[in-house]
Amino acid sequence: MGSASDALPGLRFRTTLEPGEGWSHGLKRGSRLRITDVDGGANVSAMFFNADLPVERYNMPDTLKGQHTFFLTRGNVLYSDMGRVLVSITEDSCGWHDTVTGHSTPETVRQGFGGDRYQEARNDYHRNGRDSFLQELAKWGLGRRDWMANVNFFSKVVADDGGGLTWVAGHAKPGAQVELRAEMNVLVVLNSTPHPLAAPGPYPASRVSLEVLDAGPLAEDDVCRTSCPQNGRAFANTERYFL
Amino acid sequence: MTCEIVDSERDPAAARLDQVVPAGEGWLHELAKGQVLRIVDLEGNQAADTLFYDASDTANRYSAVDTMRDQRNLYLTTGSRLLSTRGTPLLTIVADTCGRHDTLGGACSRESNTVRYSLDKHAMHACRDTFSRLAEDWPGDLSKRDLTHNINFFMNVPVTPEGGLRFDDGISAPGRYVELQAECDVLVLVSNCPQLNNPCNAYDPTPIRVLVWDD
């Protein structure tokens, strides 16, 4: 990725996460968040809230059953528990994002990657999703009671006929991108800690680029609005909320 | 995971609690560590939407995603450990005559009904209203904020290897039950699902029975 001075229409700001780093931001309605797996092999665990009233938040079961899918990609939207759209997935070079298997924990990171401590590793210590989410949520007055299922961008987990779950290696390619358009004022809380089912080995050293950009007006034939009748109704609920 | 049937020897006559919960109503109850809860699908194909909380710390509650990840399987059955958000077991399923239970499909709400079925479905009774109403009866601070992703006992939500997902007719039948043993003091919050728009209750919500034994 280029520097902040690169010309990119509508760019509001850009930042890069070091491996395992946490981040949170109030993403305004009418803006986009572009997430890029710079080096390949990244996982981005993310939670979403209505920034104006955070008791409304991303709801994984509503999102999956409303769109009859087990994974997320372009054309899908993330529903809140109130039947509205928090963000739409407007672009995706990856094809499959997991939202079923949660985030990494101190235990999964210790078992998978060794769990290096700050005392020895300094800022290369092995961060985990649970601690990162709790640290970042606290900055917005939120905590364990607000804890819900997250999305794992760039990660693919498949289910076999018996319900057995398998993490798919090599899914996250260098330069993979996903773009989210905020349909409400959305609090995004995310981190680039490893997927909790990722294969054991060295702690993934993948940087993640985050760019916040302007979003154009929502078209009547927008791919996310029209991909299924359920999404059309969720957009109608969302528009009513801002009347 | 095959649908293995595991019966229980426990005698309903020896239960310390034995109660019927009609469809559209709920049940809030604290289980002591070691106690066993049985939920019976009295008439078949009924979804029992259920949440669990660590009774001594309700911010530590059932986590569907940690439970599925830890057992590397979507479906719950005998032997499944129901983990909390902190990663500790709240309960273990010790018997199951249904074979598998869903924890992916969540609970219905009046708002999600408008999205899934029609904008004019907003008046239909839904599980999350039962949950939030009963939560207010708990003497501690428990509210909508604490309603996380639940278990749907007796419900069938198959997922295909290609990533498709649908709601199917239940695999349950009259009299089938699931039994859970509490690994710590646990608060149980049940909504006996009133959903009329999909096959999760065979379009005819029916009563469930709950029983509690001391061990």
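## A buried proline in chain A

P196(A) is buried, because 29 other C-beta atoms lie within 10 Å and 20 or more is enough to count as buried. The model is predicted. P196(A) sits in the loop between strand 11 (186-191) and strand 12 of chain A.

Which residues does P196(A) touch, beyond those up to four places away in sequence? Its contacts are T101(A), G102(A), H103(A), S104(A), T105(A), T108(A) and R69(B). S104(A) lies 92 residues away along the chain, yet the C-alpha atoms of P196(A) and S104(A) are separated by 4.3 Å.

## The six-stranded sheet of chain A

Strand 12, on one side of that loop, also belongs to an open sheet of six strands in chain A. The strand order is 1-12-3-10-6-5, and pairing is antiparallel. Strand 1 (11-17) and strand 5 (77-79) of chain A are the edge strands, each pairing on one side only. From one strand to the next, the twist averages 20 degrees.

Six bridges pair strand 1 of chain A with strand 12 (residues 208-214) of chain A, in the antiparallel sense. Across this pairing, R14(A) stands opposite E211(A) in strand 12 of chain A.

## The contact between the chains

How many residues does each chain give to the contact? Chain A gives 43 residues and chain B gives 37 residues. On the side of chain A that touches chain B, helix 1 (60-67), strand 8 (157-159) and helix 6 (229-241) of chain A are the elements that give two or more residues. Helix 1 of chain A has the largest share, with six residues. By residue class, this side of chain A divides into 20 nonpolar, 13 polar and 10 charged.

## The four-stranded sheet of chain B

Chain B has an open sheet of four strands, ordered 2-9-4-7, with antiparallel pairing. Strand 2 and strand 7 (151-153) of chain B stand at the edges. Each has a single partner strand, so one side of each lacks a neighbour in the sheet. Neighbouring strands are turned by 25 degrees against each other on average, direction ignored.

Strand 4 and strand 9 of chain B run antiparallel and are joined by seven bridges. Y53(B) has L187(B) in strand 9 of chain B as its bridge partner. Helix 3 of chain B packs on this sheet, and its direction makes about 140 degrees with that of strand 9 of chain B.

## One face of helix 3

Which residues of helix 3 (residues 127-135) of chain B are buried? They are C127(B), R128(B), T130(B), F131(B) and A135(B). Seen down the axis of helix 3 of chain B, these buried residues fall within an arc of 155 degrees, so they line one face of the helix. An α-helix has 3.6 residues a turn, so residues three or four places apart point the same way. The buried residues of helix 3 of chain B pack against strand 2 (26-31), strand 4 (48-54) and strand 9 (186-192) of chain B.

## The nonpolar core

The largest nonpolar core holds 112 residues. The members that touch the most others are A46(A), F48(A), V186(A), V188(A), I39(B), F52(B) and V186(B).

I39(B) is one of these. Leaving aside neighbours within four places in sequence, I39(B) is in contact with A48(B), F153(B), Y177(B), V178(B), I208(B) and V210(B).

Definitions and conventions. Residues are numbered from 1 along each chain as its sequence is written. Chains are lettered from A and ligands numbered from 1 in the order in which they are written. This is a predicted model: local features need pLDDT of at least 70, side-chain atom pairs count only at pLDDT 80 or more; totals for chains, interfaces and linings use all residues. A residue is buried if 20 or more other C-beta atoms lie within 10 Å of its own, exposed if 12 or fewer, and partly exposed in between; C-beta atoms are placed from the backbone. The arc is that of the directions from the helix axis to the C-beta atoms. Two residues are in contact if their C-beta atoms, placed from the backbone, lie within 7 Å. Ala, Val, Leu, Ile, Met, Phe, Trp, Tyr, Cys and Pro count as nonpolar, Asp, Glu, Lys and Arg as charged, and the others, Gly among them, as polar. A nonpolar core is a set of buried Ala, Val, Leu, Ile, Met, Phe, Trp, Tyr and Cys residues joined through C-beta atoms within 7 Å. Two strands pair if DSSP finds at least two bridges between them. Axes are lines fitted to C-alpha atoms, for helices over the stretch in contact, and angles run from 0 to 180 degrees between N-to-C directions.
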